[in-house]
Amino acid sequence: MSNAARVLPATEVFEHFLEPRQGFLKVVEPRESGSIGLKEWVTANKPELRADLTRHGGLLLRNFANKTADFQAAMEGLFGSENLIESYAGGMSRRNKVSEKTFVSTLFPRVGGLPQHFEMSYLRTWPLFISFYCEQPSPYGGNTPISYGRGLLKNLDKKLLGKFDQEGVCYLRAYKNQAYQGVFPTWQEAFESSDPAAAEKFCRANGFEFHWTAERDFKTVNVSQGTVHHPQTREKLFFNHALTSSFYSGNKKILSPSFEGLSSALKPEVVEEVCAMAIDEVPYGAAWGKSRKPIELSVQQDLRAAFYDNMVSFAWKKGDMLILDNLLVAHGRDPFIGERSILTVMAHSHSERA
Ligand SMILES: [Fe+2]
């Protein structure tokens with residue numbers, strides 16, 4: 001009888017996990033670096049990859065043969081061209097298009113960090129999937145840390161989760177024309193038009209209250225979900241933008257966790273000014289959906305801790321493609337120095353509204 005180890009069938013790729021204990025985020029690499037075309041492989045393995053996204057939250061495809069144009073093509077192969085999202089209207093970040101359905105991930109200043117968030121979860125319609133492509137990694141920093149939503153459920157207090165489920169989250173936004181330009185989107189950038197009527201049309205279609213101030217600034221208020229049901233697994237998930245959207249701490253001497261990460265991108269006098277603002281004056285404010293009372297600082301701190309406990313991070317490598325199930329995985333951005341180019345494509349616009 002032979003003592004030789006059982007030989008597994010040869011496969012063209014090998015797989016591992018960023019967080020093996022929870023089976024969170026599968027990393028796939030060709031056994032021979034650069035030996036397999038990204039878009040061809042993604043398209044050929046579509047059913048398995050779609051199942052992996054639901055099972056593991058996301059995929060990091062590394063060391064495939066690809067150039068930038070293959071990114072959108074791979075997303076078309078995986079989700080179908082008709083399901084890629086062309087518009088970012090109503091978005092929180094400043095973002096440019098590089099092609100019809102490919103965006104620069106964010107134009108937010110490099111010295112600022114973006115807290116963990118589920119893409120566009122402040123709306124009632126959001127992408128089921130978001131993908132990132134590393135065209136150019138920064139020489140220092142600039143990771144895209146990710147957090148597992150299934151783990152988050154174990155960390156968060158059940159009563160708090162119930163409150164998010166029952167109340168939802170109210171988002172208050174004040175679009176400024178001047179002082180914050182370059183950091184936060186103006187209303188023209190946010191609604192992808194310089195026509196006030198287009199901004200108003202978007203607001204009406206998406207259930208936003210809105211009004212123009214005497215200074216021609218634009219203010220909006222909208223209530224969205226605190227939790228969602230995953231369309232495939234039906235599991236209930238924490239899904240909102242309460243952490244990232246809370247610039248209001250209720251204490252002029254304490255920065256909210258979200259504003260703390262972003263404040264380094266602003267002049268000290270602007271930081272002081274924002275700290276002194278009421279919740280309906282800050283660029284981004286988050287309140288409870290029913291009571292309309294500000295999300296408490298202690299809740300913001302609990303949310304940040306829960307995200308940290310379920311976070312993994314990796315250094316970008318040129319040509320990496322990261323695909324996330326947007327309901328299962330939150331993402332953020334670390335500050336960085338030097339040049340960095342991360343592109344994004346979103347897929348499958350979805351809503352729980354009847
Ligand atoms: Fe994002």
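The model is predicted: local features need pLDDT of at least 70, side-chain atom pairs count only at pLDDT 80 or more, and totals for chains, interfaces and linings use all residues. Residues are numbered from 1 along each chain as its sequence is written. Helices (H or I, at least four residues) and strands (E, at least two) are DSSP runs, numbered from the N terminus.

**Domains**

- The chain is divided into domain 1 (13-108 + 126-151 + 311-351) and domain 2 (153-306); these bounds come from an automatic or database domain assignment.
- Between the C-alpha centres of domain 1 and domain 2 there are 25 Å.
- Domain 1 puts 15 residues into the contact and domain 2 puts in 20 residues, where contact means C-beta atoms, placed from the backbone, within 7 Å.
- On the side of domain 1 that touches domain 2, helix α4 (residues 149-155) gives the most, with 3 residues.
- That side of domain 1 has 5 nonpolar, 8 polar and 2 charged residues. Ala, Val, Leu, Ile, Met, Phe, Trp, Tyr, Cys and Pro count as nonpolar, Asp, Glu, Lys and Arg as charged, and the others, Gly among them, as polar.

**The sheet of 8 strands**

- This open sheet has mixed pairing and the order β1-β2-β3-β17-β7-β20-β5-β4; two strands pair if DSSP finds at least two bridges between them.
- β1 (13-19) and β4 (97-99) are the edge strands, each with a single partner strand, so one side of each has no neighbour in the sheet.
- On average, neighbouring strands of this sheet are turned by 25 degrees against each other, direction ignored.

- Helix α2 (residues 46-56) lies across β2 (24-30), β3 (58-61) and β17 (321-325), and runs at about 120 degrees to β3.

**The sheet of 4 strands**

- A sheet of 4 strands, also open, has antiparallel pairing in the order β6-β18-β9-β16.
- Its edges are β6 (114-117) and β16 (311-312); each has a single partner strand, so one side of each is left without a neighbour in the sheet.
- β6 pairs with β18 (residues 329-333) over 2 bridges in the antiparallel sense, with H117 opposite H331 in β18.

**Single residues**

- V169 lies in strand β10 (residues 169-175) and is buried, with 23 other C-beta atoms within 10 Å. A residue is buried with 20 or more such atoms within 10 Å of its own C-beta, exposed with 12 or fewer, and partly exposed in between, the C-beta atoms being placed from the backbone.
- Leaving out residues up to four places away in sequence, V169 touches S224, G226, N240, H241, A242, A286 and G289.
- V169 and S121 are 48 residues apart in sequence, and their C-alpha atoms are 9.9 Å apart in space.
- Most residues other than glycine have a negative phi.
- N63, in the loop between β3 and α3, has a positive phi near 70 degrees and is buried, with 20 other C-beta atoms within 10 Å.
- R292, in the loop between β15 (284-288) and α10 (297-309), has a positive phi near 65 degrees and counts as partly exposed, with 14 C-beta neighbours inside 10 Å.

Definitions and conventions. Contact = placed C-beta atoms within 7 Å. Axes fitted to C-alpha atoms, helices over the stretch in contact; angles between N-to-C directions.
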